Amino acid sequence: MDVPGDGELIELEEAGARVLVLCGSRRLPAADAVLRGLIADVSGVPADDVELVHACGVCGARHGRVIVPYPLTASGASWYADVAVSGDAIVAAAATRHPLGVGMEVATLDGGAVIDEAAFHSSELAALAELDASRRALVRATLWARKTALLRAVGHTDFMEPSRLALSIPGQDGGTGRIVRSVPEFGSGWRQVAFHDVPVPGNRAASVAVIA
């Protein structure tokens, strides 16, 4: 696949995923077109033949990661794929082995106390409070991008309140985040989650959550 504009392909070898970051194009393609192109490139089928469904397999609502009815992987299983958009940036990801989700958030100096309390664990809020304002904005955005990506990877759930989960702090975990405090309803699955932060231009953060 020809990567238009300032597009960059990133291999997450440990996760078995491929990520496409597309940014800065005056005529940015539609998010679905970018995701179809990525899946076409790794699967060998024409992009026009790639089928995407934006509906939860449990309730039918438009939430969670994208479903790919066609093509199937070489083993006959479904592809795992997702895409996120923020302004003039698109991040798409596809994998054959593990569920994944993509999150991207703009870094703001102040998210608001109510929003932060709903989004972040008390330990995360304490860590954010220790940072200077400019650094805090990007770390906050990265944490929220990670949680958004996880919610999309998990899909339909009744218990995943973001503030109940505590993640490792970006900048202190080598760029691969982990869940450090989970919820009982998640069982032991939280130990298999990894957050792969993806560099994107501009004042924003992106992450791909992979459930191994």
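Me: What does the accessible surface of the protein chain come to, and how much of it belongs to carbon and sulfur atoms?
Reply: This is a predicted model, and its protein chain has an accessible surface of about 10,100 Å². Carbon and sulfur atoms account for 50% of that.

Me: Why does the radius of gyration of the protein chain agree with a compact globule?
Reply: Set the two values side by side. A compact globule with 212 residues would come out near 17 Å, and the protein chain has 17 Å, so the two agree. As for the span, the C-alpha trace covers about 50 × 40 × 30 Å along its principal axes.

Me: What is the protein chain built from, and how much of it is buried?
Reply: You get four helices and twelve strands. Of the 212 residues, 46% are buried.

Me: Why is R146 called buried?
Reply: The cut-off for buried is under 20% relative accessible area. R146 has 0% relative accessibility, so R146 counts as buried. You'll find R146 in helix 4, and beyond its sequence neighbours within four places, R146 is in contact with residues including L167, D173, F195, D197 and S207.

Me: Which residues does V19 contact, leaving aside neighbours within four places in sequence?
Reply: Among them are E8, L9, I10, V91, A92, V198 and V208. On a related note, V19 and A81 are 62 residues apart along the chain, and their C-alpha atoms are separated by 9.7 Å.

Me: What makes up the largest nonpolar core?
Reply: That core has 22 residues, and those with the most contacts inside it are L143, L150, I179, F186, V193 and F195. Two or more residues each come from helix 3 (122–129), helix 4 (133–154), strand 11 (193–198) and strand 12 (204–211). Helix 4 gives the largest share, five residues.

Me: Where does L143 make its contacts, leaving aside neighbours within four places in sequence?
Reply: L143 touches F120, E124, L128, L167, S168, I169 and P170. Apart from this core lies another one of 20 residues, with V21, A84, L100 and V200 among them.

Me: How many positive and negative side chains are there, and how far apart do the centres of the two sets lie?
Reply: There are 18 positive and 25 negative side chains, and the two centres lie 2 Å apart.

How values were computed: Residues are numbered from 1 along each chain as its sequence is written. This is a predicted model: local features need pLDDT of at least 70, side-chain atom pairs count only at pLDDT 80 or more; totals for chains, interfaces and linings use all residues. Side-chain values use heavy atoms; hydrogens and water are left out. The radius of gyration is taken over C-alpha atoms; the globule rule is 2.2 Å times the number of residues to the power 0.38. Buried means under 20% relative accessible area, exposed over 50%, partly exposed in between (1.4 Å probe, protein chains only). Accessible areas come from the Shrake-Rupley method with a 1.4 Å probe; for residues, only the protein chains shown count as cover. Lys and Arg count as positive and Asp and Glu as negative; His and the chain ends are not counted. The place of a charge is taken as NZ of Lys, CZ of Arg, CG of Asp or CD of Glu. A nonpolar core is a set of buried Ala, Val, Leu, Ile, Met, Phe, Trp, Tyr and Cys residues joined through side-chain atoms within 4.5 Å. Contact means heavy atoms within 4.5 Å.
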